[in-house]
Amino acid sequence: MKQLKPALALTVLIALSLFLTAKKAATPRVLVFSATKGFRHASIGPGKLLMLKLGRENGFIVDTTENSALITEENLKQYAAVVFLNTTGDVLDARQQADFERYIQAGGGFVGIHAAADCEYTWPWYGKLVGGYFKSHPATQPAKVNVVDKSHPSTRHLPDVWERTDEWYNFQVPPTDSEVKILAKLDETSYKGGENGDHHPIVWYRAYDGGRAFYSGFGH
């Protein structure tokens, strides 16, 4: 997918708004971080442009970077949320990891998009923040997404069954209902190559270690 569809853009915007309203700054800021040390998604460029557009149209400032050196405790204090946009591989060193942990512990917000789950496999804290690590994926194809919770602002506008084409991630260990609040699940009978069975979450959120996190498997 070269660009996110309007409904998905609205979902991302509403997810971000939950973090933005918690920030007392007159004009909140969001950092979009898209460093890669592995596969690089072609959708990163359009994704950055979309985030910038959402910021212009909705009254928040968006900074974009692929420079891991900017992940410092002091720099992150200015952001209501940090978006990991299709990050892959080991993109942060030990000092940057510790600073990002302190950012979340101080009440920061995290939004993970798609390959954010294909990132930092040797950092268990991050795996829990995201909610699950990438395992594999079949070919990009249409599938049915069951929206299981429409009480959340990010899914209230969606149909009960949302038909989309994307690259559908299988997760090493899918998060459970006791670990995260699941908003949408994949119907593995609607496509080929699913490996998580009847419990295949694809969008969820959680409170974690003093902060908040939202993950969407969409965005290839």
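This note goes through the charged and aromatic side chains of a predicted model.

1. Basis. The model is predicted, so local features need pLDDT of at least 70 and side-chain atom pairs count only at pLDDT 80 or more, while totals for chains, interfaces and linings use all residues. Residues are numbered from 1 along each chain as its sequence is written, and side-chain values use heavy atoms, with hydrogens and water left out.

2. Salt bridges. The structure holds 12 salt bridges, each defined as a side-chain nitrogen of Lys or Arg within 4 Å of a carboxyl oxygen of Asp or Glu. One of them joins the side chains of Asp-63 and Arg-29 at 2.9 Å, N to O. This pair links distant parts of the chain, with Asp-63 in strand β2 (residues 61-65) and Arg-29 in strand β1 (residues 29-33), 34 residues apart. Helices (H or I, at least four residues) and strands (E, at least two) are DSSP runs, numbered from the N terminus. Arg-29 counts as partly exposed because its relative accessibility is 25%; buried means under 20% relative accessible area, exposed over 50%, and partly exposed in between (1.4 Å probe, protein chains only).

3. Helix α4 charges. Arg-95 forms a salt bridge with Asp-99, with 3.3 Å between the closest N and O atoms. Both residues lie in helix α4, four residues apart, about one turn of the helix. Arg-95 is partly exposed at 38% relative accessible area, whereas Asp-99 is buried at 8%. A network of salt bridges links Glu-73, Arg-95, Asp-99 and Arg-102.

4. Lys-181 and Asp-149. The closest N and O atoms of this salt bridge are 3.7 Å apart. Lys-181 lies in strand β9 and Asp-149 in the loop between β6 (141-147) and β7 (161-166), so the pair ties together parts that are 32 residues apart in sequence. Lys-181 is partly exposed at 40% relative accessibility; Asp-149 is buried at 8%.

5. Arg-206. The backbone oxygen of Glu-179, however, lies 3.3 Å from a polar atom of the Arg-206 side chain. Arg-206 is found in strand β10 (residues 201-208). Leaving out residues up to four places away in sequence, Arg-206 touches residues including Lys-128, Leu-129 and Glu-179, where contact means heavy atoms within 4.5 Å.

6. Aromatic pairs. Rings of Phe, Tyr and Trp (its six-membered ring) pair if their centres lie within 6.5 Å; planes under 30 degrees apart count as stacked, over 60 as edge-to-face and the rest as tilted. By this rule the count comes to 20 aromatic pairs. The rings of Phe-100 and Tyr-103 have centres 5.8 Å apart and planes at 35°, so this pair is tilted. Phe-100 and Phe-110 are edge-to-face, at 6.4 Å centre to centre and 75° between the planes. Phe-100 is in helix α4 and Phe-110 in strand β4 (residues 109-113). Phe-100 is buried at 0% relative accessibility, and Phe-110 is buried with a relative accessible area of 0%. Ring pairs link a cluster that includes Phe-33, Phe-100, Tyr-103, Phe-110 and Trp-123.

7. Lys-192. This residue lies in the loop between β9 (181-187) and β10 and is exposed, at 67% relative accessible area. Lys-192 and His-137 are 55 residues apart in sequence and 9.9 Å apart in space, C-alpha to C-alpha.

Note on methods:
Polar contact = N/O pair within 3.5 Å; in protein donor to acceptor, adjacent residues only side chain to side chain.
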